[in-house]
Amino acid sequence: MSEQSGAQAMQFGIMSVSDITRDPTTGVTPSEQERIKATLTIAKHAEEVGLDVFAIGEHHNPPFWSSSPSTFLAALAAQTERLIVSTSTTLITTNDPVRIAEEYAMLQHVSDGRMDLMLGRGNTGPVYPWFGQDIRQGLPLAIENYALLHKLWREDVVDWEGKFRTPLQGFTSTPRPLDGIAPFVWHGSIRTPEIAEQAAYYGDGFFANNIFWPKEHYQRLIELYRQRYAHYGHGTPEQAIVGLGGQVFMAANSQDAANQFRPYFDNAPVYGHGPSMEDFTEMTPLTVGSPQQIIDRYAAMREHYGDYQRQLFLIDHAGLPLKIVLEQLDILGAEVVPVLRKELAQGRPASVPDAPTHAARVKAEFGDGPTRQARPGANRGDNLTGDSPYEDTPAPAGAAFGLSRKGA
Amino acid sequence: MTLRRIAVVSAGLSNPSSTRMLADRLAAETVKALRLAQGPDGEGIEASVDVIELRDYAHDITNNLLTGFAPPALETAINTVVSADALIAVTPIFSTSYSGLFKSFIDVLDPDALTGKPVLIGANAGTARHSLAIDYAIRPLFAYLHADAVSTGVFAASSDWGGAGDDVAPLAKRVEKGAKELAQSIARRDAATAADPYDPATYLGEGRSFGHLLGGLAGE
């Protein structure tokens, strides 16, 4: 794989919430097909301008189009070479964890490990009953479903009984994770301390939305996650894996940026018709201005949150037309991210881990030795008997006589 | 001497405001009653009062409803209310109920924030014909929030501010009655302590780990 999958202190990318919003300056609302194809173009351009990650949300209601992120991300992975594709977020509450295990292990295989998963609880109450769940159980669902997902990716044969899902007896989730390494998981949160606790407990990444609210909310969450990460024995607080959202709009001249973005801000689904753009940019990480202003604001993030591993920007929402979004990417790639990479690398302690990649995680598990290559055993009518339904590579001597090696 | 903090929320829209006048009387009378009450140490209770005029936060409250977070000034006001030992809530009566601004402020509070908090309800309107609005419209709101509203609500009509408002139970008497009940409610309780939602002991329980949230799944 390319240099991208080697050691890289920080990953920069963009995330989309997949909203289809009327452009307030033209009155035009794109069709679903236009917006879906435009998002593919945007994501591919993110790679072209040197960004590392593209992430897409999951929603099941208009005006959003992204109900099947794994399908979209598979198409994107096929059309890119370096880009890490991710979700932002996958609904751990209403998706069957078995389907998540299967779909994202598949995405891991077809993308050669260029993917990871971000989990969240969803943005609208009705999504729970649409998928047969109860919103009042949101947190217990997030906890139990992830416990099962975690197990399905690490154990070839799973027996399971929980509160929310049909019990499993001798179930094998296929395909097994690429190289025997489960996809990297980020736990996304806006305000819930239990989710920070969950990320810390498993030693997974924690992604703070860092879009809607003042930094003080996220500071408390990230500080909690770092402390609990150390509490559960995964490393020092500084070694916890932190990702941040953010949102920006740029132009060479800061007044032009404000003028160009204001109609989109004023009518945006999330904050439109509320606070002024000036108030909102002061209170939240939204930054509208020159590339240097973006750099200054985001280089300061580590003063608030500590050294971190991933920065994703929201840039394609609120009805912004494709042409403007691509221009924003050009500025990000040419003027903002290279400087931020440099500034955030300065004085970064060697003990702070690099951003997680499949290649690095394979190396941590197997060194330079062979990775796990799961092969289903021959003539297995069931996976209830024996050690594992798989023979790993290399097949041990005598495997044909039932002496198969135990799975990962 | 024990110290307590009383938050006063006044939803009057004009300035000067008769809603605020009622709020100030209720607050002053409650402070007086607390001095005469017996705290845990057998001495009287000294109380400080923070008054929040919702009119000053009207734009912030709307912004909070739309964005999900409170601008800094409103956040300070919210913290003042939710961390206080008691709340005196006074609203004008509009169309048989609390004012929209008053309800919007309640709506941006965490739904659990007023649980168990002693509350004295006050209301203000042009005529005494609205006086039951406290009991059929405002009290149910605080009941829903599991706040502990004292049984006397103090309603003031315009005429109450003149000498002949109510000869049988003049406003001063009713203010005194409500304030005394609130003071007793405060005196019965320990001083309010704020639980930090980001303290693992708060969301997991003392001495517990994430394994307990997982229940039997982690064998804990």
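Buried means under 20% relative accessible area, exposed over 50%, and partly exposed in between, with a 1.4 Å probe and protein chains only. The legends below show a predicted model, in which local features need pLDDT of at least 70, side-chain atom pairs count only at pLDDT 80 or more, and totals for chains, interfaces and linings use all residues. Residues are numbered from 1 along each chain as its sequence is written, chains are lettered from A and ligands numbered from 1 in the order in which they are written, and side-chain values use heavy atoms, with hydrogens and water left out.

**View 1. A salt bridge joins B:Glu53 and B:Arg20.** A salt bridge is a side-chain nitrogen of Lys or Arg within 4 Å of a carboxyl oxygen of Asp or Glu. Here the N to O distance is 2.9 Å. B:Glu53 sits in strand E2 (residues 45-53) of chain B and B:Arg20 in helix H1 (residues 18-36) of chain B, so the pair ties together parts 33 residues apart in sequence. Helices (H or I, at least four residues) and strands (E, at least two) are DSSP runs, numbered from the N terminus. B:Arg20 is partly exposed, at 27% relative accessibility. B:Glu53 is buried, at 15%.

**View 2. B:Arg189 and B:Asp148 form a salt bridge.** The N to O distance is 2.6 Å. The pair links distant parts of the chain, 41 residues apart. B:Arg189 lies in the loop between H6 and helix H7 (200-204) of chain B, and B:Asp148 in strand E6 (residues 148-149) of chain B. B:Arg189 is partly exposed, with 24% relative accessibility. B:Asp148 is partly exposed too, with a relative accessible area of 29%.

**View 3. Helix H6 of chain B covers residues 171-188.** Its 18 residues should span 26 Å at 1.5 Å a residue, and the end C-alpha atoms are 26 Å apart, which agrees. The expected span is 1.5 Å times one less than the number of residues. Buried residues of H6(B) include B:Leu171, B:Val175, B:Leu182 and B:Ile186. B:Arg174 and B:Glu181 are also buried.

**View 4. Chain B has eight helices and seven strands.** Its C-alpha atoms fill a box of roughly 70 × 45 × 30 Å, taken along the principal axes. Of its 220 residues, 49% are buried. Contact means heavy atoms within 4.5 Å. Among contacts in chain B between residues at least 6 apart in sequence, 76% join residues at least 24 apart.

View 5. The area buried between them is about 2,100 Å², and carbon and sulfur atoms give 70% of it. Buried area is the accessible area (1.4 Å probe) that two parts lose on being put together, summed over both. In chain A, A:Ile143, A:Tyr201 and A:Met283 lose the most area to chain B, together 22% of what that side buries. Across this interface the rule finds zero salt bridges. It does find two residue pairs in polar contact, both at pLDDT 80 or more. A polar contact is a pair of N or O atoms within 3.5 Å; within protein, one must be able to donate a hydrogen and the other to accept it, and residues adjacent in sequence count only if both atoms are side-chain atoms.

**View 6. A:Arg310 and A:Asp116 meet in a salt bridge.** The N to O distance is 2.8 Å. A:Arg310 is in strand E13 (residues 310-314) of chain A and A:Asp116 in strand E5 (residues 115-120) of chain A, 194 residues apart. A:Arg310 is buried, at 0% relative accessibility. A:Asp116 is buried as well, with a relative accessible area of 2%.

**View 7. A:His45 and A:Asp330 make a side-chain polar contact of 2.6 Å.** A:His45 belongs to helix H1 (residues 32-48) of chain A. A:His45 is buried, with a relative accessible area of 15%. Leaving aside neighbours within four places in sequence, A:His45 is in contact with A:Leu326, A:Leu329 and A:Asp330.
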